[in-house]
Amino acid sequence: MEKLISEFSFGLFFWQLFIFIGLILLLKKFAWRPILDAVNERETSIKDALSSADEARKEIASLQEDNQKILQEARAEREALLKEARTSGADLLAKAKEDAKLEADKILSQAQDAIQNEKRAAINELKNQVAQISLEIAEKVIEGELEDKDKQTNLVEKLLKDASL
Amino acid sequence: MPKKLYSKFFIFFLLGLTYISAKESASGGDLKAEIKEYILHHLQDTHDFTLLSYTDEQGKKIHIGAPLPVILWDEGLKIFSSSKFHHGESVAHVGENYYKLDHGKIYKTDAAGTINYDDSHHATNIAPLDLSITKGVVSLLFTALIMFFLFKGLADSYKKNGMVAKGVGRFFEPIVIYIRDEIAIPNIGEKHHRRYMGYLLTLFFFVWFLNLLGLTPLGINATGNIAVTFCLALITFVITNVSGKKEYWKHIFWMPGVPWPMKIVLAPIELLGVLIKPFSLMIRLYANISAGHIVLMSLISLIFIFKNWFGSSLSFMLAFSISIIEILVAALQAYIFTVLSALYFGFAVEEHDHDDH
């Protein structure tokens, strides 16, 4: 310790203080400040670039999501359209069937009506013909039977009775 | 590969030069004592820049190097060349005064150059205020110049090269960023670190470069000099205490969170700690670098003591490996000094937003 103190060189201390403080001030102005500023600036620019890249990536992801959504929507719409078409087709078919059935029923009933009418007309005609034939028969019978009075009356009654259809 | 080979060759060359400077005259006297004297001499600052010295056939000492200016304040400024001392062998006659070198110190003497010693072998002559440009000062100036041009070049290369460092700056830029991100910000905090960056960066590179310069065969030993490390520690001490906030002083004089008798006991301990912290910085750097120089030079000297193939080559291998370790120590000691300085600044500006402690 004593040796250290006795060897202590004030001159060297003085120059060291002078040179070192001068060096700190000079380097601060000409080197450290510009270097640290440049490094900071570069770091912030890198950070900005990275964050903007991240943002772009997110944007792309959201775009992709949108695309997916749109695609999904389109698919759903197609599905709905197909379904609708299918149901409407079925409906149409059912309706057509029903219509056809109705028409058929109508035609059938019309035909039945016509048949009924024809039948009635035929019956009427038959009746008329039968009546005429009966009259003719009756005329002939009457012509033959009119010789006897009782017989005539019985016959008429019997005929009338039979004739009630 | 050729580059690697080249650098290996360069290291061998440097080591080779170190031998030559270590190889002082072996003629007469005890070689071991001479080596010891030489190593002690090397650890001290000198008034001339001697690269190597030897004794020629006539027994005359030859020094190869350059004289440096001597600046004394002795009732007026006295400036003269250190060549007047003839490496401490003669008395320098300046104006009406006579000066002589004794163990690296300049004393005022009579015309014959008598130096009187007291009982404990201390010179009793008047020692004038010595502000000479010594070998140490030259190495400080040299390092300062290198640093200025190196880092100014790095700063300018950003402007010219679109925010990207160019050339040798590419090597130093990551170190600058490391000091900011791993030393300053974790120890001082994001908020205050910027204020201390100038000092911490200058400190780290200055100590590192001086340590490395000490490993060259130029025989420089600046960071192994107590005056230099004292100055660095003093600046750390002053910055710490000037930037000390209320919390810092409160922790020293009236430690919060402990019972009051303990506060009284802790205050002197903490106050002592304020001084011990920079003191340990000073001693650590000085001792590590001095020890490194002593070990390295002793191992190199062993080559000349052994003077046989086996011992000398063993010493050479040891010296070689120690040199490599010393390169690591050069960076490590600079790092430790910087980290601890940053840590002390961190204590000074720390803000507690919690009461418990």
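Modeller: Helix H6(B) gives the largest share of the lining of the largest cavity, 4 residues. The model is predicted: local features need pLDDT of at least 70, side-chain atom pairs count only at pLDDT 80 or more, and totals for chains, interfaces and linings use all residues. Residues are numbered from 1 along each chain as its sequence is written, chains are lettered from A and ligands numbered from 1 in the order in which they are written, and side-chain values use heavy atoms, with hydrogens and water left out.

Biologist: What volume does the largest cavity have, and which residues line it?

Modeller: About 60 Å³. Its lining is B:Thr236, B:Phe237, B:Thr240, B:Asn241, B:Tyr248, B:Val274, B:Lys277, B:Pro278 and B:Tyr344. H6 and helix H8 (260-306) of chain B are the elements that give two or more residues. Helices here are DSSP runs of H or I, at least four residues, and strands are runs of E, at least two, numbered from the N terminus.

Biologist: Now the rings. How many aromatic pairs are there over all chains?

Modeller: The count is 32. Rings of Phe, Tyr and Trp (its six-membered ring) pair if their centres lie within 6.5 Å; planes under 30 degrees apart are stacked, over 60 edge-to-face, and the rest tilted.

Biologist: Why is the pair A:Trp15 and A:Phe18 called edge-to-face?

Modeller: The centres are 5.9 Å apart, so the rings pair. The planes stand at 85 degrees, over 60, so the pair is edge-to-face. Both residues lie in helix H2 (residues 10-145) of chain A, 3 residues apart, about one turn of the helix.

Biologist: Is A:Trp15 buried or exposed? And A:Phe18, buried or exposed?

Modeller: Buried means under 20% relative accessible area, exposed over 50%, partly exposed in between (1.4 Å probe, protein chains only). A:Trp15 has 16%, so it is buried. A:Phe18 has 55%, so it is exposed.

Biologist: What makes B:Phe151 and B:Phe172 a pair, and of which kind?

Modeller: Their centres are 5.8 Å apart and their planes at 75 degrees, so this pair is edge-to-face. B:Phe151 lies in helix H3 (residues 135-160) and B:Phe172 in helix H4 (residues 169-188), both of chain B, so the pair ties together parts 21 residues apart in sequence. B:Phe151, at 0%, is buried. B:Phe172, at 8%, is buried too. Both belong to one aromatic cluster whose members include A:Trp32 and B:Trp208.

Biologist: How do you know that the charged end of B:Lys135 sits over the ring of B:Phe49?

Modeller: The rule asks for NZ of Lys or CZ of Arg within 6 Å of the ring centre and within 35 degrees of the ring normal. B:Lys135 is 5.4 Å from the centre of the B:Phe49 ring. A:Lys29 lies over the face of A:Phe30, at 5.0 Å from the ring centre.

Biologist: What makes a polar contact of the side chains of B:Thr223 and B:Asn211?

Modeller: A polar contact is a pair of N or O atoms within 3.5 Å; within protein, one must be able to donate a hydrogen and the other to accept it, and residues adjacent in sequence count only if both atoms are side-chain atoms. These side chains are at 2.5 Å. B:Thr223 is in the loop between helix H5 (193-215) and helix H6 (226-242) of chain B. Its relative accessible area is 2%, so it is buried.

Biologist: Which side chain does B:Thr134 join by a polar contact?

Modeller: That of B:Asp45, at 2.6 Å. B:Thr134 has 7% relative accessible area, so it is buried. Leaving aside neighbours within four places in sequence, B:Thr134 is in contact (heavy atoms within 4.5 Å) with residues including A:Leu12 and B:His47.

Technical notes: On a 1 Å grid over the protein atoms alone, a cavity is a set of points where a 1.4 Å probe fits but cannot get out, and a pocket is an open set with protein on both sides within 12 Å along at least five of seven lines; lining residues have an atom within 4 Å of a point. Grid points are joined across faces, edges and corners, and a volume is the space filled by probe spheres set on the points.
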